Amino acid sequence: SHGFRTPLTSINSTAELLLQYAERFKGEDLKKRVRRIYSSAQKMDSLIQDVLTLGKLESNNTSFDNQEFSFSESIQGLIKVLRLTILKDREIVVQSETEMDRLYLDQNMIELILRNLLENAGKYSSVPDKIILNYSVSETEFKLSCQDFGIGIPEEDCDIVFESFVRGTNTQDIKGTGLGLPIVKKLVERMSGDITLESKVGYGTSVSIILPVNRNN
């Protein structure tokens with residue numbers, strides 16, 4: 001409820017100000033307040049989508065559409081989009097351990113996993129720290145790791161950050177909902193994969209997943 005209430009309060013207060021004193025706001029001053037409403041609405045929409053996604057995963061109501069696609073193209077396309085927001089001015093290092101690039105899995109689900117990992121890495125680290133993506137593709141499995149060099153997660157929190165709405169105790173000053181890693185974990189489990197997390201406060205976090213690749217075409 002707090003996640004919804006904060007942006008909704010911003011929207012209401014800004015809209016009320018514009019309604020009462022519309023004649024006072026022009027040019028950049030007006031744009032600034034409209035941007036505040038837009039940004040808050042985007043945050044609410046993102047949170048709603050995350051809650052709906054998690055709900056579907058927990059109710060086993062998510063279907064998968066496995067098709068062949070280029071994982072490197074997915075990475076580059078997603079990074080390009082995220083550079084407009086959380087990954088702006090960040091150095092993203094993409095490393096492939098294999099020449100094989102064509103992946104036979106649900107592209108939308110893989111990109112959802114990748115998006116959440118990158119957003120978390122960007123949120124909890126800062127420029128000039130790198131973010132490193134490492135992956136490998138074979139006929140039988142897909143491996144992906146996302147490593148940042150940010151604030152890290154306290155050891156006692158490493159097991160609970162996969163629970164919905166739970167965040168590390170050192171993230172009080174960083175905005176977030178605590179849904180990114182739970183969504184990734186649920187997706188990986190639904191795809192019969194494994195996920196591991198390694199982290200140290202002040203040195204960063206690495207999340208690794210392994211997914212089986214089954215060609216049933």
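**A helix and its surroundings**

Author: Let's start with helix H5 (residues 180-190), where Gly-180, Leu-181, Pro-182, Ile-183, Val-184, Leu-187 and Val-188 are buried. Keep in mind that this is a predicted model, where local features need pLDDT of at least 70 and side-chain atom pairs count only at pLDDT 80 or more, while totals for chains, interfaces and linings use all residues. Residues are numbered from 1 along each chain as its sequence is written, and side-chain values use heavy atoms, with hydrogens and water left out.

A few terms, then. Buried is under 20% relative accessible area, exposed is over 50%, and partly exposed is in between (1.4 Å probe, protein chains only). Helices (H or I, at least four residues) and strands (E, at least two) are DSSP runs, numbered from the N terminus. Contact means heavy atoms within 4.5 Å.

So what sits over the buried residues of H5? The cover includes helix H2 (27-58), H4, S6 and S7.

Now for the strands. Two of them pair if DSSP finds at least two bridges between them. Strand S6 (residues 194-200) runs antiparallel to S7, with seven bridges, and Leu-197 stands opposite Val-207 of S7. S6 and S7 make a hairpin with three residues between them, and Gly-202 in that turn has a positive phi of about 90 degrees. Lys-200 lies over the face of Tyr-203, 4.8 Å from the ring centre; a charge counts as sitting over a ring if NZ of Lys or CZ of Arg is within 6 Å of the ring centre and within 35 degrees of the ring normal. Strand S7 (residues 204-212) also pairs with S5, again antiparallel and over seven bridges. There, Gln-147 has Ser-206 in S7 as its bridge partner.

Next, the core. A nonpolar core is a set of buried Ala, Val, Leu, Ile, Met, Phe, Trp, Tyr and Cys residues joined through side-chain atoms within 4.5 Å. The largest one here has 45 residues, and Phe-71, Leu-118, Phe-142 and Leu-144 have the most contacts inside it. Helix H4 (residues 107-123) gives the largest share of this core, seven residues. Take Leu-118: apart from neighbours within four places in sequence, it touches Leu-78, Ile-79, Leu-82, Leu-87, Ile-131, Leu-133 and Cys-146.

Phe-71 deserves a look through its ring. Rings of Phe, Tyr and Trp (its six-membered ring) pair if their centres lie within 6.5 Å; planes under 30 degrees apart count as stacked, over 60 as edge-to-face and the rest as tilted. That rule gives two aromatic pairs. Phe-71 and Tyr-135 have ring centres 4.8 Å apart and planes at 70 degrees, so they are edge-to-face. This pair links distant parts of the chain, with Phe-71 in helix H3 (residues 71-82) and Tyr-135 in strand S4 (residues 131-137), 64 residues apart. Phe-71 is buried at 0% relative accessible area, and Tyr-135 is buried as well, at 6%. Phe-71 also pairs edge-to-face with Phe-142, at 4.9 Å between centres and 70 degrees between planes. Here too distant parts of the chain are linked: Phe-71 is in H3 and Phe-142 is in strand S5 (residues 141-148), 71 residues apart. Phe-142 is buried, like Phe-71, and Phe-71, Tyr-135 and Phe-142 make one aromatic cluster.

Back to Cys-146, the cysteine that Leu-118 touches. A disulfide needs two cysteine sulfur atoms within 2.5 Å, and by this rule there are zero disulfides. Cys-146 is buried at 4%, and Cys-158 is buried at 15%.

Most residues other than glycine have a negative phi, and most peptide bonds are trans. A cis peptide bond, with omega about 10 degrees, joins Val-127 and Pro-128, and Pro-128 lies in the loop between H4 and S4. Asp-89 has a positive phi near 65 degrees; Asp-89 lies in the loop between H3 and strand S2 (92-96) and is exposed at 60%. Phe-165 has a positive phi near 65 degrees too. Phe-165 lies in the loop between S5 and H5 and is exposed, at 54%.
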